[in-house]
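Let's take a friendly tour of a protein structure together. Have the sequence and the 3D view ready, and look up each residue as we reach it.

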Amino acid sequence: MPQAYVEETGREGAGPERTGSGAPTFPGRWRGLGAWLGKWKGPGLWRRGLVLAVLAALLGLLMLLHTHLPNRVGNLGSLTETFLPWLGLFVPVLLVLALVRRSATALIALLLPAVAWVNLFGGLLSDKTGKGGDFTVATHNVNAGNPDPAATAKAVAASGADVVALEELSDASRYERALAGTYRYHSVQGTVGVWSRYPLSDARPVDIKMGWTRALRATVHAPKGPVAVYVAHLPSVRVKFNAGFTAGQRDNSAEALGQAISHEPVKKVVLLGDLNGTMNDRSLAPVTSQLRSAQGAAGNGFGFTWPAGFPMARIDQIMVRGLDPVSAWTLPATDSDHLPVAARVKT
């Protein structure tokens, strides 16, 4: 005997009903979502948002091909590479606009910059900090106009560093007095200095083609063998409306510093200082190609250091050769416009 089936109604969670047109109708509070999804149908799904799709594609290509941007005009390449991580902020903005425009084309195009950004910087999002290590170093651009040098020096020393490098010393004696009780050995050359718990030898200026001393080299006699420590403060760069990213002097100094490090006979090397550039900046390649970033290898996040009030770039670096970074971190703000940074390595 045939049976009649009657569809029950009024049951919550029964799923969306279907109208004669095939569009889903959601019950209750989900009805608004159903109406919004229904607007995605139709031929305009692929035609809408073409401008957004082009912008997304250009953003992705800029990330992928940033090394091909010319530096001949206003050092455009270096300027872009300095703030390259921040280009990722355009991805969620374009995503929201693509959703508002209900453009499938723009959403697909957004995969290019999203994947490019993750490929470039995804590794920095994980915490690579480890345990152990036997040699801790710290560096800080203290700012020539620092109103409280003693407090700044003690704040950096509180990191427990075995070696401390300070840059932009306008009155080194005030830092020497503040650090004398913690560090028995030190050397100041021009406007940079190094303080150490272990004996120092062969401390001397390094010529980085500036006309005055802003870099030094010294041998630290650590318990497990000598470590060559370089402290450097490369020339500042400026962004000018009529000249772009003026970094010529910085680039020349980077070349000279790279030459000095390449001739270093000691196998274990640490570079500490304010390089006025990021690891992505191609103009620092004479230095960065020889050394490993402690932050990149053993840090947590980007480790931005400048400006201290709202850090946007990591221009203060700890880089090593012949040593294994274990952990790297930024220290609390002082009266400087830079944040101090520290790292622990295995010698």
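## A nonpolar patch

Which residues make a nonpolar surface patch of about 700 Å²? In this predicted model, the patch is made by Val51, Val54, Leu55, Leu58, Leu61, Leu64, Leu65 and Leu112. Helix H3, which covers residues 50–64, gives the most to this patch, with six residues.

Now find Leu112, another member of the patch. Leu112 sits in helix H7, residues 111–121. Is Leu112 buried, partly exposed or exposed? Leu112 counts as partly exposed because its relative accessibility is 32%, and partly exposed covers the range between under 20% (buried) and over 50% (exposed).

## Two positive phi angles

Next, turn to the backbone. Asn143 has a phi near 80 degrees, which is a positive value in a residue other than glycine. You can find Asn143 in the loop that runs between strand E3 (135–141) and helix H8 (149–157).

Asp202 also has a positive phi, near 55 degrees, and is likewise a residue other than glycine. Where does Asp202 lie? Asp202 belongs to strand E7, residues 200–205. With a relative accessibility of 45%, Asp202 counts as partly exposed.

## A cis peptide bond

Our last stop is a peptide bond. The bond from Trp306 to Pro307 is cis, and its omega is near -15 degrees. To find the spot, look at the loop between helix H12 (294–298) and strand E14 (316–321), where Pro307 lies.

Notes. Residues numbered from 1 in each chain as written. Predicted model: local features only at pLDDT ≥ 70, side-chain atom pairs only at ≥ 80, totals over all residues. Heavy atoms only, no water. Helix = DSSP H or I, 4+ residues; strand = E, 2+ residues; numbered from the N terminus. Buried < 20%, exposed > 50% of the residue type's maximum accessible area, 1.4 Å probe, protein only. Patch = residues over 30% accessible without salt bridge, like charges linked within 9 Å, V, L, I, M, F, W, Y side chains within 5 Å. Areas by Shrake-Rupley, 256 points an atom, 1.4 Å probe, with all protein chains shown as cover. Salt bridge = Lys/Arg side-chain N within 4 Å of Asp/Glu carboxyl O.
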